[in-house]
Amino acid sequence: QRKSTPAIRRAVELLSERFGERLGSDSEGPVYAFPTAEALCCAGEQALQECGLGYRTRYVLHAAQQAAEGTLDLKKLASLPDEALFARLMELDGVGKKVANCVCLFGYGRVGRVPVDVWIERLIRDEFAGQDPFPQFGLEAGIVQQYLLQVFKKEAWDKNRGAAGRSVESSAKQKRQRLPLFEENRCLLIILLPALTVPDLLHPGEKGRCQNSRSAHPDWADG
């Protein structure tokens with residue numbers, strides 16, 4: 001939905017603060033649950049817009065209305081096969097392939113799903129010569145995607161931070177430097193996959209709480 005991770009985090013925090021149940025507090029302040037579908041419906045369009053949802057307000061409200069009415073049963077969706085779950089999510093207003101795959105991966109633990117955004121498009125183009133590498137990883141494709149995404153982003157950030165005062169290297173030399181890193185990390189990941197758990201990979205240190213001073217969602221969801 002073309003919204004940055006910090007903006008999404010802030011919108012979730014505002015929704016939780018204003019319409020969610022207060023669960024208690026910790027050293028960083030009050031802790032809130034994410035609002036129920038009924039609470040979102042009662043809040044109304046204007047109040048939701050004020051939480052930074054923008055044009056997405058009607059999509060959120062429509063999904064909340066379906067969940068409140070029972071026509072969208074979030075618990076029953078968990079029993080659907082991957083493709084059926086993906087197809088049902090795609091029926092919701094405002095939900096495209098990337099968002100549907102994100103919900104499958106992060107919301108329902110379908111670790112074979114691969115959300116594709118501009119970062120992943122660049123990764124496929126620049127590091128794999130335009131050939132999608134993820135199908136070969138099967139049911140672990142979503143885990144591999146998140147891992148490679150973080151490596152690719154870190155490389156990009158490090159490159160940007162160190163660019164000042166350095167001569168620009170040729171694209172061929174940059175390519176030769178990057179590929180061994182990806183090949184080494186890819187092999188290491190394949191070796192480690194059997195020993196890693198899905199929660200450790202997808203939600204490191206995650207407590208699953210909506211809080212007013214920090215996000216309950218890791219930046220990994222940016223992929």
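Author: This is a predicted model, in which local features need pLDDT of at least 70, side-chain atom pairs count only at pLDDT 80 or more, and totals for chains, interfaces and linings use all residues. Residues are numbered from 1 along each chain as its sequence is written, and side-chain values use heavy atoms, without hydrogens and water.

Reader: Why does Tyr55 count as partly exposed?

Author: Buried means under 20% relative accessible area and exposed over 50%, with partly exposed in between (1.4 Å probe, protein chains only). Tyr55 has 47% relative accessibility, so Tyr55 counts as partly exposed.

Reader: What makes the pair of Tyr55 and Tyr59 edge-to-face?

Author: Rings of Phe, Tyr and Trp (its six-membered ring) pair if their centres lie within 6.5 Å; planes under 30 degrees apart count as stacked, over 60 as edge-to-face and the rest as tilted. The centres of Tyr55 and Tyr59 are 6.3 Å apart and the planes stand at 85 degrees, so this pair is edge-to-face.

Reader: How many aromatic pairs does the structure hold?

Author: There are 2 aromatic pairs. Trp119 and Phe152 also form an edge-to-face pair, because their ring centres are 6.0 Å apart and their planes are at 85 degrees. Both Trp119 and Phe152 are buried.

Reader: What is the charged end of Arg122 doing over a ring?

Author: A charge sits over a ring if NZ of Lys or CZ of Arg is within 6 Å of the ring centre and within 35 degrees of the ring normal. The charged end of Arg122 sits over the ring of Trp119, 5.1 Å from its centre. Arg113 lies over the face of Phe86, 4.8 Å from the ring centre.
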